[in-house]
Amino acid sequence: MLNCSKSLRLLSAILLVPTASAGKIGLSDFCQALAGNWQGEASRPKGLVKSVRVQGLCSDDRRQLMLSVSEHASHPLSETWWFREGDGEIKLTYFNGVDADKYLYFTLYRQETGFSLLGKGLVQQRPAMIRLNFSPQGSGWLWLQEVQYLDQDDDDYRVYRGIALNPVGEAQQAP
């Protein structure tokens, strides 16, 4: 018989499996969708809302995407999210000019009309499942950075930070 902790971890593992409408994909469509210049607001739960700009650069072969988030999003310097496709997974190199570079591996899924990257790593020195969701919002995207800590019996993801991505030049939409 499984104890409560193991039962909850098993349930969590089941919940991590993408829905039937989700399918594993390569970087190409995601890269093309996020390429461009974006503006919006970023915030952590119960945190300050900050205006940000995001530039998405997609390589010619659409196997690399670099998202550069403007200064003051998390640190006084800008942060860069560099996604690269290879060996059946997406490698992320994250750097912000303050902390040591972070390297994570994700699986990219198409979910309905959006995208979701799912991987495992450390968040605030704690082991966690990390999900980066990009959901359509108007003519832009809502980028939710979510975590589920593996060192506690929690059965759902928590929003770590959200960023609204609206095409530059468009008025920002109220939630």
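This is a conversation about reading the features of one predicted model.

Biologist: What should I know about the numbering and the model before I start?

Modeller: Residues are numbered from 1 along each chain as its sequence is written, and the model is predicted, so local features need pLDDT of at least 70, side-chain atom pairs count only at pLDDT 80 or more, and totals for chains, interfaces and linings use all residues. Side-chain values use heavy atoms, with hydrogens and water left out.

Biologist: How many helices and strands does the protein chain have?

Modeller: Helices (H or I, at least four residues) and strands (E, at least two) are DSSP runs, numbered from the N terminus. Here there are 2 helices and 11 strands, and along the sequence they follow the pattern α-β-α-β-β-β-β-β-β-β-β-β-β.

Biologist: And what share of the residues is buried?

Modeller: Buried means under 20% relative accessible area, exposed over 50%, and partly exposed in between, using a 1.4 Å probe and protein chains only. Of the 175 residues in the protein chain, 36% are buried. Strand β8 is mostly covered, with 8 of its 10 residues buried.

Biologist: How should I read the largest pocket, and which residues lie nearest its centre?

Modeller: On a 1 Å grid over the protein atoms alone, a pocket is an open set of points with protein on both sides within 12 Å along at least five of seven lines, unlike a cavity, where a 1.4 Å probe fits but cannot get out; lining residues have an atom within 4 Å of a point. The largest pocket holds about 490 Å³ of space, a volume being the space filled by probe spheres set on the points, which are joined across faces, edges and corners. Its lining has 23 residues, with Y94, K102, L122, V123 and Y160 nearest the centre. Several strands supply at least two lining residues each, among them β8 (114–123) and β9 (126–137).

Biologist: Which side chain makes a polar contact with R161?

Modeller: A polar contact is a pair of N or O atoms within 3.5 Å; within protein, one must be able to donate a hydrogen and the other to accept it, and residues adjacent in sequence count only if both atoms are side-chain atoms. R161 lies in strand β11 and is buried, at 3% relative accessible area. Its side chain meets that of E79 in a polar contact of 2.5 Å.

Biologist: Which cysteines form a disulfide?

Modeller: A disulfide is a covalent bond between the sulfur atoms of two cysteines; the cut-off is a pair of cysteine sulfur atoms within 2.5 Å. C31 and C58 are joined this way, S to S 1.8 Å. The pair links distant parts of the chain, 27 residues apart: C31 in helix α2 and C58 in strand β3. C31 is buried at 0%, whereas C58 is partly exposed at 26%.
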